[in-house]
Structure formats: C-alpha cells, structure tokens
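Trainee: May we go through this structure together, one question at a time?

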Amino acid sequence: MGYAVVSLGLTKFYGKLLAVDNVYFNVQENEIFGFLGPNGAGKTTTIRMLTGLTKPTKGTARIFGHDILKETLTAQKYFGVVPETSNIYDYLSAWDNLMFMGELYRVPKHEREKYGRELLEIFGLYERRYDKVKGFSKGLKRRLTIAMALIHRPKLLFLDEPTSGLDVRSTVIIRNIIRKLNREGVTVFLTTHNIEEANVLCDRVAIIYKGKIVAIDTPEKLK
Ligand SMILES: Nc1ncnc2c1ncn2[C@@H]1O[C@H](COP(=O)(O)OP(=O)(O)O)[C@@H](O)[C@H]1O
Ligand SMILES: [Mg+2]
C-alpha cells in the first residue's frame with residue numbers, strides 16, 4: 001500500500017516562534033490518522049503547510065507521491081480540506097454553497113449536481129438544501145463544510161478539529177460520517193485536542209507537543 005501523506009521535516013517559524021519543528025510522519029492509504037495535541041501545539045499550522053495555505057520554513061511533504069512545493073496543483077487535486085473555522089457563505093443556501101465549491105474545483109455541472117445530491121443525503125441535509133445557511137446550527141454548518149470538501153471526490157480528507165465545539169449528537173453524526181467515508185476508501189487526516197476522539201476514531205495517532213511529534217502509534221499502544 002502506498003502513502004497518502006509523507007511529511008519530510010516540515011518546519012514553520014513565525015518570526016522567532018518555532019510552531020512546527022522538523023516533523024516526520026507517514027499516513028497510509030486508507031487509514032484514519034490523527035494529530036493529537038493541546039492548543040498551540042502546531043496542528044493547524046501543519047495542516048496549513050500540507051494543504052498549501054502556508055509555506056514551510058523548511059522541509060516538504062508528499063501527497064500521494066506529489067511534492068507539495070514542486071507539484072502543488074497536482075497534489076491539491078487529491079485532497080479536500082475542512083478548516084477549523086468554516087468557509088461557508090451564510091447568505092447562500094446549502095445547495096448553492098456546495099455548487100459554488102464544485103465550480104471552484106471545476107467539477108463538471110452534471111457531476112457536481114449528482115454528487116452534491118448524494119452528499120446532502122449522506123449528511124442529512126437534503127431536506128434543508130434550499131435554506132440559507134445563516135439559520136443552521138453549528139453542527140449542520142460543520143456537516144455542510146465537510147460535504148463541500150468532498151464535492152470533487154478527493155481520496156484524502158484533512159479535517160481540522162472536526163467536532164470541536166459541537167454538541168454530543170452532532171459529534172456522533174460527524175464521527176460516523178468520517179468512518180463511513182473511510183470505509184468507502186477516503187484516507188483521513190484529522191487533528192484533535194481530545195484524547196477520546198483520537199481513541200475512538202483513529203487507526204494511528206501522532207502526539208504533537210510544542211511543535212514536535214513525541215510519539216506515533218495506535219491508540220491502544222499509546223495508552
Ligand atoms: N499566523 C500566525 N502568526 C504567528 N503565530 C502563529 C500563527 N499561527 C499560529 N501561530 C502560533 O503557532 C503555534 C501553533 O499554532 P497552531 O498551529 O494554530 O496550533 P494548534 O492548531 O495545535 O492549536 C501557536 O503558538 C500559535 O500561537
Ligand atoms: Mg488548531
């Protein structure tokens with residue numbers, strides 16, 4: 001089996017602050033890989049480097065074999081990203097948000113409409129597809145954000161703290177969706193500050209503290 005993500009010494013300085021310190025890890029194709037660490041550990045910065053939103057100070061990474069610095073556009077075709085703060089437009093409907101994202105990713109109209117309907121069904125949003133997102137609960141918004149990250153059918157999904165700030169019901173729904181996507185072949189890289197989340201969701205976990213990876217193993221072995 002190949003690697004979905006290979007991090008080769010990713011490093012990020014913000015001025016003098018070393019936010020991510022020479023990080024090495026591999027994510028196997030088809031696993032759910034978690035980055036577990038407290039606030040400020042460097043989780044978001046790592047995701048931002050992997051997805052091309054922030055340039056590493058040093059080091060690089062490969063996404064399905066493609067260097068994120070030298071083959072950025074190719075690498076980006078393989079993944080979707082669910083950022084920590086939502087990227088949805090409150091004054092558009094759920095459907096229009098999805099279709100807009102589909103257009104940005106240049107998904108042909110017929111495909112984005114077909115897959116958009118499927119995603120809304122999977123995420124329990126179909127009945128509300130023409131409602132403005134403004135009236136949605138936090139949990140519904142998070143579900144829509146994940147659906148939007150999937151509109152181009154990526155093989156890899158990055159989720160930054162997918163359940164943080166959500167109620168128990170929404171948390172359960174989102175964890176189940178993540179498991180379902182993974183069973184259907186999507187590799188998942190997620191971050192969390194919640195040890196329970198890492199335990200119940202991840203095949204393997206990297207523990208990150210002050211920018212350094214201090215351990216990588218299965219949740220059972222890390223206990
Ligand atoms: N744009 C930025 N400018 C300066 N410092 C930043 C910036 N983004 C993050 N940091 C700092 O880098 C460190 C890691 O942050 P972050 O990657 O957001 O951690 P996490 O997602 O694990 O909470 C923190 O000390 C944070 O304050
Ligand atoms: Mg963060």
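Mentor: A definition comes first: helices are DSSP runs of H or I with at least four residues, and strands are DSSP runs of E with at least two, both numbered from the N terminus. Please keep in mind that this is a predicted model.

Trainee: How far apart are the C-alpha atoms of V172 and A19?

Mentor: A19 belongs to the residues that surround ligand 1. Along the chain, V172 and A19 are 153 residues apart.

Trainee: Is N182 buried or exposed?

Mentor: N182 is found in helix α6. Leaving aside residues up to four places away in sequence, N182 touches N30, E31, I32, T187 and V188. The relative accessibility of N182 is 12%, and the limit for burial is under 20%, so N182 counts as buried.

Trainee: Let us turn to the ligand. Which element gives the most to the shell around ligand 1?

Mentor: The residues surrounding ligand 1 are Y14, L17, A19, P38, N39, G40, A41, G42, K43, T44 and T45. Two elements, β2 and α1 (43-50), each supply at least two residues of this shell. With three residues, the element that gives the most is α1.

Trainee: By class, how many residues of the shell around ligand 1 are charged?

Mentor: The nonpolar class contributes five residues to the shell, and the polar class also contributes five. The number of charged residues in the shell is one.

Trainee: Are K155 and E29 buried, partly exposed or exposed?

Mentor: K155 has a relative accessibility of 37%, and E29 has one of 26%. Buried requires under 20% and exposed over 50%. K155 and E29 therefore both count as partly exposed.

Trainee: What is the N to O distance in the salt bridge of R112 and E103?

Mentor: R112 is buried at a relative accessible area of 12%, whereas E103 is partly exposed at 49%. A salt bridge requires a distance within 4 Å. For the side chains of R112 and E103, the N to O distance is 3.7 Å.

Trainee: In which helix do E113 and K109 both lie?

Mentor: E113 and K109 form a salt bridge in which the closest N and O atoms are 3.0 Å apart. E113 is partly exposed at 25% relative accessible area, and K109 is exposed at 52%. The two residues are four apart, about one turn of the helix, and the helix in which both lie is α4 (residues 109-122).

Trainee: Which residues do salt bridges that share partners join into one network?

Mentor: The count of salt bridges in this model is 13. The network formed through shared partners consists of K114, E118 and R153.

Trainee: One topic remains, the backbone. Near what value is the phi of R106?

Mentor: R106 is found in the loop between α3 (94-104) and α4, and R106 is exposed at 74% relative accessibility. R106 is a residue other than glycine, yet its phi is positive, near 60°.

Trainee: Between which elements is the loop that holds E161?

Mentor: E161 is not a glycine either, and its phi is positive at about 50°. E161 is buried, with a relative accessible area of 4%. The loop that holds E161 is between β7 and α6 (168-183).

Definitions and conventions. Residues numbered from 1 in each chain as written. Chains lettered and ligands numbered in written order. Predicted model: local features only at pLDDT ≥ 70, side-chain atom pairs only at ≥ 80, totals over all residues. Heavy atoms only, no water. Buried < 20%, exposed > 50% of the residue type's maximum accessible area, 1.4 Å probe, protein only. Near = heavy atom within 4 Å. Nonpolar A, V, L, I, M, F, W, Y, C, P; charged D, E, K, R; others polar. Contact = heavy atoms within 4.5 Å.
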